[in-house]
Amino acid sequence: MPAVSKGDGMRGLAVFISDIRNCKSKEAEIKRINKELANIRSKFKGDKALDGYSKKKYVCKLLFIFLLGHDIDFGHMEAVNLLSSNRYTEKQIGYLFISVLVNSNSELIRLINNGIKNDLASRNPTFMNLALHCIANVGSREMAEAFTADIPKILVAGDTMDSVKQSAALCLLRLNRTSPDLVPMGEWTSRVVHLLNDQHLGVVTAATSLITTLAQKNPEEFKTSVSLAVSRLSRIVTSASTDLQDYTYYFVPAPWLSVKLLRLLQCYPPPEEGAVRGRLTECLETILNKAQEPPKSKKVQHSNAKNAVLFEAISLIIHHDSEPNLLVRACNQLGQFLQHRETNLRYLALESMCTLASSEFSHEAVKTHIETVINALKTERDVSVRQRAVDLLYAMCDRSNAQQIVAEMLNYLETADYSIREEIVLKVAILAEKYAVDYTWYVDTILNLIRIAGDYVSEEVWYRVIQIVINRDDVQGYSAKTVFEALQAPACHENLVKVGGYILGEFGNLIAGDPRSSPLIQFNLLHSKFHLCSVPTRALLLSTYIKFVNLFPEIKATIQDVLRSDSQLRNADVELQQRAVEYLRLSCIASTDILATVLEEMPPFPERESSILTKLKKKKGPGKVPDMEETKKERNSDMNGSTEPVSVNSSAVTMSTPSTSTDLLGLGLAPVLNSVAPASAGGSLLVDVFSDNSPAVASLAHTAEENFSSPRIGSADVVSDDPAAAVHDADELVNKFVCKNNGVLFENQLMQIGLKSEFRQNLGRMYIFYGNKTSTQFLSFSTAVICQDALKTQLNIQTKQVDPAVDGGAQVQQILNIECVSDFMEAPILNIQFRYGGALQNMSVKLPVTLNKFFQPTEMTSQDFFQRWKQLSIPQQEVQKIFKAKHPMDTEVTKAKIIGFGVALLDMVDPNPSNFTGAGVIHTKNIQVGCLLRLEPNTQAQMYRLTLRTSRETVSQRLCELLSEQF
């Protein structure tokens with residue numbers, strides 16, 4: 001940089017700044033500024049031309065006034081004129097003024113751009129740097145459009161000085177962040193990548209920052225940077241501190257460049273070339289070895305630089321997740337930091353170990369530090385470190401240590417900071433449910449949770465314990481006994497009263513035989529809490545009382561007295577008053593049978609996704625919890641070796657269901673209408689079974705044509721002795737249901753077959769409706785589901801038999817419970833036989849049970865998606881298909897089909913907004929398979945390119961076949 005001459009001191013500016021500082025009041029300051037602005041304005045408008053020094057001085061004063069918070073509405077042209085000066089100090093002030101004051105929409109932009117172009121073309125490195133800095137500081141789209149073609153040329157030119165290359169790389173980086181669509185690397189890509197070999201480490205550092213950002217957007221274009229980055233990193237890591245003297249920071253060679261190179265390598269999966277991979281492994285091992293060496297300096301700068309490189313190396317090891325030895329060594333190194341005296345190191349170690357805990361190679365190594373983490377939870381002074389300790393305990397939990405970790409979390413909860421109590425409550429609830437081998441332990445844990453931190457137990461938690469108790473017969477009696485005992489405490493939290501009221505109302509009869517928990521004692525215990533509760537809890541207790549009327553007729557009079565009291569019948573709250581009136585009336589006029597019917601025990605809840613994990617994700621922020629869980633859940637078995645199919649988005653708990661059960665979903669069979677009475681003569685013979693209003697019965701259509709959309713087929717076409725030989729329109733029917741679960745499966749002159757289905761993880765239930773379109777009864781009606789060849793071991797299908805006679809104009813319903821054992825290609829065949837008019841009818845159709853039905857959608861951030869995309873980089877894991885569009889290319893229809901396919905549609909993930917990305921996990925009994933998809937439409941050519949990546953080749957191929965047929 002040129003030296004500043006003595007005459008450049010700008011004494012007038014110094015005097016003005018001194019005057020401003022000496023002002024005694026705000027009014028005096030404003031008065032002095034206005035006087036100066038008037039003087040500057042007169043100088044600019046005067047007839048006498050100002051020299052460069054005067055322009056620079058006055059522009060500097062305007063800049064200072066602006067920085068004081070005053071508006072400046074003139075002087076811009078004079079600043080632009082300074083750009084044409086050949087003196088460095090004048091040109092510098094001109095660029096400084098433009099960078100700070102000129103708006104990107106200013107009319108002067110064209111003049112400014114001309115001045116910048118002249119400086120870029122001057123080949124004067126000082127002027128080129130000033131121009132590049134101005135472009136980066138302003139960063140407007142207009143400047144990006146004007147200079148994105150020139151800056152790459154400057155960057156890769158052989159005669160460009162190193163300082164200018166640095167500025168050009170960082171300027172391109174800035175423009176790429178503000179206007180990524182205007183930075184066309186294309187022809188410059190390979191030459192920019194080769195800057196990693198530059199002799200000047202400053203150029204390499206700037207180029208690495210640029211390449212890392214560009215590689216995140218277009219990884220394929222910059223994949224050659226991996227080998228060069230490894231080579232450069234190897235030279236830095238193996239060099240002595242004296243070799244890179246200018247870039248050695250407190251005995252650590254080039255720490256900033258090392259960190260940037262390690263981050264660049266995290267944009268890609270492990271190198272495929274053996275030599276490059278081996279060299280990278282050596283580098284990482286060297287970094288881990290250096291961490292064990294005694295420090296070369298006691299200054300904090302040395303340890304900070306050394307640890308920065310170490311933690312970035314550990315992040316790369318975790319990202320690759322392919323070297324068990326390195327993962328275990330990284331875990332051991334982090335374990336040493338857990339007891340370090342520096343708080344920041346303990347925090348970072350806990351945070352990194354949370355991610356390590358999700359790797360199958362290092363999970364066991366992380367578990368060895370459980371006592372240290374528990375001790376940190378108890379003794380740490382910093383709340384943020386304690387919170388990371390909670391996160392790590394949550395991440396390292398499995399069946400072998402679940403009870404210990406949950407117990408420690410509960411102990412800590414009593415003294416935990418209020419800011420993290422709700423999060424701990426959610427994590428305890430999730431872990432207790434997920435790893436509950438004995439559900440009595442789960443009930444005890446949740447009740448203890450309510451006792452310790454009832455104010456932080458959200459509705460989702462106590463709703464969930466109610467669902468589980470109702471769905472599991474083996475724990476109902478124990479739950480009733482436990483909540484009864486818990487309610488006897490003098491001070492009970494209201495959430496405990498809610499749980500107790502609900503459970504005793506349903507299962508109080510299971511403990512009524514004990515004199516210590518007789519019906520009257522149960523009622524008096526609950527009613528003693530009534531007046532201390534809020535209105536919603538009182539409403540729940542009133543429902544419990546009317547349930548008691550059915551369970552315990554002997555205390556009916558006592559309950560009626562309570563309902564009849566003025567405090568209930570004349571309650572100021574309308575809800576309580578209405579319940580009291582209606583329940584009292586119901587108990588007085590209804591017979592025992594009616595009461596038993598109306599107040600019967602609640603049926604099992606549908607085994608739906610728990611909302612506890614969803615609430616935890618919202619609390620932690622997008623991408624936080626799924627990252628911790630995803631890899632662990634993709635493992636085929638837990639630490640004890642037992643299969644544990646848990647979805648990324650589910651409640652982290654799957655209710656155990658015996659394989660011999662006829663109810664695989666655990667939903668409890670809904671009442672089945674085996675037949676529907678014939679409709680009136682004026683209406684259709686069949687009802688619409690696909691209405692959203694009812695799972696089985698809905699309003700009649702005016703004509704049969706409104707209900708039936710399938711082509712009509714003569715019955716003779718489907719008569720066959722071989723069920724598999726007469727499978728009707730198999731592929732067409734299967735494709736029709738790939739992205740939907742309800743519809744008409746088959747229809748001819750005799751019969752209509754419709755279905756509704758629902759799937760959750762690896763289980764499914766299908767309702768099949770057989771409608772007799774004739775006025776003649778079908779006799780000897782029977783059905784069979786046939787799984788041929790390998791499909792017998794891949795799918796378990798259990799059927800419920802239907803009535804052998806179907807009246808004319810009636811329909812019957814059949815329920816199929818489906819369990820996916822492993823991935824499959826073919827679909828099962830439904831064979832139907834019956835006699836109509838004395839003739840045997842035999843028809844077969846393929847059931848639309850396809851692999852995508854067992855998807856669990858997975859939400860991902862853009863970073864997580866492309867990180868996982870890069871990990872699935874083996875050629876066998878990817879299937880790509882380019883095909884012609886069969887239907888109009890409508891964006892909303894495409895979105896609906898992708899969602900219907902079963903994956904989560906990810907917004908704002910693909911850099912191209914017209915592309916579609918999705919993520920999900922295929923759940924089978926034996927394994928879970930993560931899937932990522934990318935659909936790229938070309939509206940001009942009316943073509944699609946579909947790319948799927950999964951960890952199993954057969955799954956990729958099958959999903960690609962199914963989805964490509966939908967567009």
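A pocket is an open set of points on a 1 Å grid over the protein atoms alone, with protein on both sides within 12 Å along at least five of seven lines; its lining residues have an atom within 4 Å of a point. The model is predicted: local features need pLDDT of at least 70, side-chain atom pairs count only at pLDDT 80 or more, and totals for chains, interfaces and linings use all residues. Residues are numbered from 1 along each chain as its sequence is written, and side-chain values use heavy atoms, with hydrogens and water left out.

**View 1. The second largest pocket is lined by 32 residues.** Nearest its centre lie Pro 219, Glu 220, Lys 223, Tyr 268 and Arg 949. Two or more lining residues come from each of α13 (225–238), α39 (862–871), β12 (878–884), β15 (928–938) and β16 (943–950). Helices (H or I, at least four residues) and strands (E, at least two) are DSSP runs, numbered from the N terminus. The pocket volume is about 880 Å³. A volume is the space filled by probe spheres set on the points, which are joined across faces, edges and corners. The lining has 13 charged, 12 nonpolar and seven polar residues. Asp, Glu, Lys and Arg count as charged; Ala, Val, Leu, Ile, Met, Phe, Trp, Tyr, Cys and Pro as nonpolar; the others, Gly among them, as polar.

**View 2. The second largest cavity has a volume of about 90 Å³.** In a cavity, a 1.4 Å probe fits but cannot get out. The structure holds seven cavities of 30 Å³ or more. Helices α15 (274–292) and α16 (300–320) each supply at least two lining residues. The largest share, four residues, comes from α15. Among the lining residues are Pro 270, Arg 277, His 320 and Glu 323. By class, seven are nonpolar, three polar and two charged.

**View 3. Phe 66, Leu 67, Leu 96 and Val 100 make a nonpolar surface patch of about 340 Å².** Patch residues have over 30% relative accessible area and no salt bridge; nonpolar side chains (Val, Leu, Ile, Met, Phe, Trp, Tyr) are joined within 5 Å. A salt bridge is a side-chain nitrogen of Lys or Arg within 4 Å of a carboxyl oxygen of Asp or Glu. Areas come from the Shrake-Rupley method with a 1.4 Å probe. Helices α3 (52–67) and α5 (88–101) each give at least two residues. Leu 67 lies in α3. Leu 67 counts as exposed because its relative accessibility is 60% (exposed means over 50%, buried under 20%, partly exposed in between).

**View 4. Ala 453 is buried in the model.** Its relative accessible area is 3%. Ala 453 belongs to helix α24 (residues 439–453). Val 425 is 28 residues from Ala 453 in sequence and 7.6 Å away in space, C-alpha to C-alpha.

How values were computed: Patches are made of residues with over 30% relative accessible area and no salt bridge: like charges are joined within 9 Å, nonpolar side chains (Val, Leu, Ile, Met, Phe, Trp, Tyr) within 5 Å. Buried means under 20% relative accessible area, exposed over 50%, partly exposed in between (1.4 Å probe, protein chains only).
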